[in-house]
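Colleague: Could you walk me through the aromatic contacts and the pockets in this one?

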Amino acid sequence: MKIVTYNVNGIRSAINKNWLAWLQATDADVVCLQEIKATPDVLTDLGLVDDMGYRHFWFPAEKKGYSGTAIFTKRVPNHVEYGCGIPDFDREGRCIRVDFDEVSVMSVYFPSGSSGDERQIFKFRFLDEFGKYLTLLKSSIPNLVICGDYNICHRPIDIHNPKSNANSSGFLPEEREWMENFLESGFVDTFRHVNKEPHNYTWWSFRANSRAKNLGWRIDYAIASKELEDNIKRCAILSEAKHSDHCPVLLELEF
């Protein structure tokens with residue numbers, strides 16, 4: 001099973017950058033999208049997605065042009081779960097999940113705290129409450145893949161300049177500690193499971209030619225429950241895909 005996660009930073013913008021041709025060429029079984037910033041009714045190209053054999057499920061934010069998640073899948077899911085049952089997060093379209101016989105796959109968009117204290121407080125609340133939700137979910141669905149933009153760099157290796165970003169949202173000690181505890185609770189960072197090398201990032205600022213210089217952050221993850229560790233065949237950052245300020249991450253599971 002090929003799973004891709006991609007923060008497209010506006011699906012209409014990505015489509016205008018030839019994203020649909022990339023999607024067809026990638027030929028993933030499941031595609032988890034974040035920051036779609038649109039509702040499906042405003043997209044004129046969905047017929048092309050249908051033609052590729054994808055069923056598509058959308059969980060946009062109530063606020064237009066903001067946040068939102070979606071999942072495209074070539075496999076028919078047994079169940080689709082929209083949201084996590086926490087109204088403040090569901091209003092922003094933060095997560096959607098599809099369940100299959102062998103695995104459940106979630107697309108999740110963690111809040112950013114970079115716009116100020118109010119959103120950082122909201123982010124900390126999300127980490128606390130959504131973390132508890134995931135712990136409960138894993139107890140009922142052991143084979144779980146939680147894909148998405150976590151808006152957290154886990155370790156210094158995951159950010160181009162850890163010293164100057166020590167007090168930046170996304171690399172705060174409390175956020176990194178949450179990520180550490182989350183993984184220790186029974187999850188695997190599938191990219192780090194197969195690749196321990198530095199300079200692997202998934203997001204670059206639009207400023208200072210950061211992407212060309214590879215001055216980035218690794219904040220997009222395909223995290224699998226420990227039960228799936230032996231099923232991990234491959235995980236790769238697809239940095240050549242340039243439809244967004246993020247790039248996709250590909251996870252291949254073997255069953």
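Colleague: Which residues do ring pairs link into a cluster?

Modeller: In this predicted model, ring pairs join Phe89, Phe110, Phe122, Phe126, Phe130, Tyr133, Tyr150, Trp178, Phe182, Phe187 and Tyr221 into a cluster. One of these rings, that of Phe122, also has the charged end of Arg119 sitting over it, 4.2 Å from its centre.

Colleague: And how many aromatic pairs does a search of the whole structure find?

Modeller: The search finds 18 aromatic pairs, among them Trp19 and Phe72, which are edge-to-face at 6.1 Å centre to centre with 65° between the planes. That pair links distant parts of the chain, with Trp19 in helix H2 and Phe72 in strand S4, 53 residues apart.

Colleague: Trp19 and Phe72, buried or exposed?

Modeller: Trp19 is buried, with a relative accessible area of 0%, and Phe72 is likewise buried at 0%.

Colleague: What about Trp203 and Trp217?

Modeller: Trp203 and Trp217 form an edge-to-face pair, 5.8 Å centre to centre with 85° between the planes. Trp203 lies in strand S10 and Trp217 in strand S11, so the pair ties together parts that are 14 residues apart in sequence. Trp203 is partly exposed at 21%, whereas Trp217, at 12%, is buried because its value falls under 20%.

Colleague: Switching to pockets, what volume does the largest one have?

Modeller: The largest pocket holds about 560 Å³ of space, and of its 24 lining residues the closest to the centre are Ser112, Ser114, Asn151, Trp203 and Trp217. Its lining divides into 7 nonpolar, 12 polar and 5 charged residues.

Note on methods
Residues are numbered from 1 along each chain as its sequence is written. This is a predicted model: local features need pLDDT of at least 70, side-chain atom pairs count only at pLDDT 80 or more; totals for chains, interfaces and linings use all residues. Side-chain values use heavy atoms; hydrogens and water are left out. On a 1 Å grid over the protein atoms alone, a cavity is a set of points where a 1.4 Å probe fits but cannot get out, and a pocket is an open set with protein on both sides within 12 Å along at least five of seven lines; lining residues have an atom within 4 Å of a point. Grid points are joined across faces, edges and corners, and a volume is the space filled by probe spheres set on the points. Ala, Val, Leu, Ile, Met, Phe, Trp, Tyr, Cys and Pro count as nonpolar, Asp, Glu, Lys and Arg as charged, and the others, Gly among them, as polar. Rings of Phe, Tyr and Trp (its six-membered ring) pair if their centres lie within 6.5 Å; planes under 30 degrees apart count as stacked, over 60 as edge-to-face and the rest as tilted. Helices (H or I, at least four residues) and strands (E, at least two) are DSSP runs, numbered from the N terminus. Buried means under 20% relative accessible area, exposed over 50%, partly exposed in between (1.4 Å probe, protein chains only). A charge sits over a ring if NZ of Lys or CZ of Arg is within 6 Å of the ring centre and within 35 degrees of the ring normal.
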